[in-house]
Amino acid sequence: MNRLSDFMLPPANSTFAAETDALFNFINVVSLILLIGITVTMIYFAIKYRRKSEDDTTPLITHNSKLEITWSVIPLILVMIVFGWGYNGYLTKTNAPDNAYEIRAIAKSWLWEFHYQTGHVSVNELHVPANRPVKMIISSDDVLHSFYIPEFRVKMDAVPNRYTSVWFEAIEPGEAILYCAEYCGSAHSNMLADVVIHSQEDFETWLETGDAIDDDLSPVELGEQLVQRQGCLACHSTDGSTLQGPTFQGIFGRDRLLTDGSTVTVDENYIRQSIIEPNTQVAEGFAPIMPTYAGSLNDRQIDAIIEYLKTLD
Ligand SMILES: [Cu+2]
């Protein structure tokens, strides 16, 4: 049975994925049997009962109780099975175990930000331990988004001004992809995050060291990595093409017309301001939609991004 869901979904990697897949397969197989059965019967009847001669008339049939009860009771039983099974799974998925590790997920157009219990923040990269329940507490900074990790078989809406939650327990260390599953605007399809599933030990190490690995990089190298990892490229190109935001190519030192009619030179201060309070000085021709990075990027990281942007002529 698992082959069927593997054909339609990526390989499962969470404790309740097997139950989800079993129900998914049950619904698919039952639907397929009904589809084939009804289609074959219709074709057979169309041939068997076709009009054979001019005076071939249809007899008057008012009802057939046996048949009507049969076609009402069978679907009722099937629907009740799907309901009971689904409700059972729903209860499992809504009630996180008490020992779950909590991670805050904040959806913004168009990136995912994660806050861990240590105060660590990551963008577009969700780090989770394997073999330990993880409870995600999800919200949105702007519009409706949806937190969807097919490998774990979990999906939950990210709603502005309210928290939703979902939990999962990954079985094996590895990687997965987090998608936004609610259409949220022009860069919706770029709203992806990598899910890194660590062994318990590696997860602890990652929480402790986190960005420390970045210490070896030069500012320009670090800036380039951050621009990729922090979701900037969802809206800003580096090749001169215009996406939802201005291109980064040749941006440094350029004079920029703003939506309020004033002009500003793109220098260190303007870039810093645009990262921390993005919608105070918006470039003419663009919508004020950039999420703030206040609290998720430190000074060293902002400096590195500025240094990297200077190199993009
Ligand atoms: Cu979204």
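The protein chain has seven helices and 12 strands. Its radius of gyration is 27 Å, well over the 20 Å that the globule rule gives for 313 residues, so the chain is more spread out than a compact globule. The model is a predicted one.

**Overall dimensions and contacts**

- The C-alpha trace of the protein chain spans about 90 × 50 × 30 Å along its principal axes.
- Buried residues make up 24% of the 313 in the protein chain.
- Among contacts in the protein chain with a separation of 6 or more, 64% join residues 24 or more positions apart.

**Packing of helix 2 and helix 3**

- Helix 2 covers residues 17-48 and helix 3 covers residues 65-94; their axes lie 10 Å apart, and the packing angle is about 165 degrees.
- Angles over 145 degrees count as roughly antiparallel, and helix 2 and helix 3 are therefore roughly antiparallel to each other.
- The crossing of helix 2 and helix 3 is left-handed.
- From helix 2, the residues Glu19, Thr20, Leu23, Ile27 and Val30 meet Leu78, Val82, Trp85, Gly86 and Gly89 of helix 3.
- By residue class, this contact of helix 2 with helix 3 comprises six nonpolar, three polar and one charged.

**Backbone features in loops between strands**

- A cis peptide bond runs from serine 109 to tryptophan 110, with omega near 5 degrees.
- Tryptophan 110 sits in the loop between strand 1 (101-108) and strand 2 (111-115).
- Asparagine 131 is not a glycine, yet has a positive phi of about 60 degrees.
- The loop that holds asparagine 131 lies between strand 4 (125-129) and strand 5 (134-140).
- Asparagine 131 counts as partly exposed because it has 13 C-beta neighbours inside 10 Å.
- Asparagine 161 has a positive phi of about 60 degrees, although asparagine 161 is not a glycine.
- The loop between strand 7 (154-158) and strand 8 (164-168) contains asparagine 161.
- Asparagine 161 has 7 C-beta neighbours inside 10 Å and so counts as exposed.

**Glutamine 281**

- Glutamine 281 is located in the loop between helix 6 (268-276) and helix 7 (299-310).
- The count of C-beta neighbours inside 10 Å is 16 for glutamine 281, which therefore counts as partly exposed.
- Apart from neighbours within four places in sequence, glutamine 281 is in contact with Leu258, Val264, Tyr270, Gln273 and Ser274.
- One of these contacts, tyrosine 270, is 11 residues from glutamine 281 along the chain, and their C-alpha atoms are separated by 8.3 Å.

Key
Residues are numbered from 1 along each chain as its sequence is written. This is a predicted model: local features need pLDDT of at least 70, side-chain atom pairs count only at pLDDT 80 or more; totals for chains, interfaces and linings use all residues. Axes are lines fitted to C-alpha atoms, for helices over the stretch in contact, and angles run from 0 to 180 degrees between N-to-C directions. Helices (H or I, at least four residues) and strands (E, at least two) are DSSP runs, numbered from the N terminus. Angles under 35 degrees count as roughly parallel, over 145 as roughly antiparallel, 65 to 115 as roughly perpendicular and the rest as oblique. A crossing is left-handed if the near helix is turned anticlockwise from the far one by less than a right angle, and right-handed if clockwise. Two residues are in contact if their C-beta atoms, placed from the backbone, lie within 7 Å. Ala, Val, Leu, Ile, Met, Phe, Trp, Tyr, Cys and Pro count as nonpolar, Asp, Glu, Lys and Arg as charged, and the others, Gly among them, as polar. The radius of gyration is taken over C-alpha atoms; the globule rule is 2.2 Å times the number of residues to the power 0.38. A residue is buried if 20 or more other C-beta atoms lie within 10 Å of its own, exposed if 12 or fewer, and partly exposed in between; C-beta atoms are placed from the backbone.
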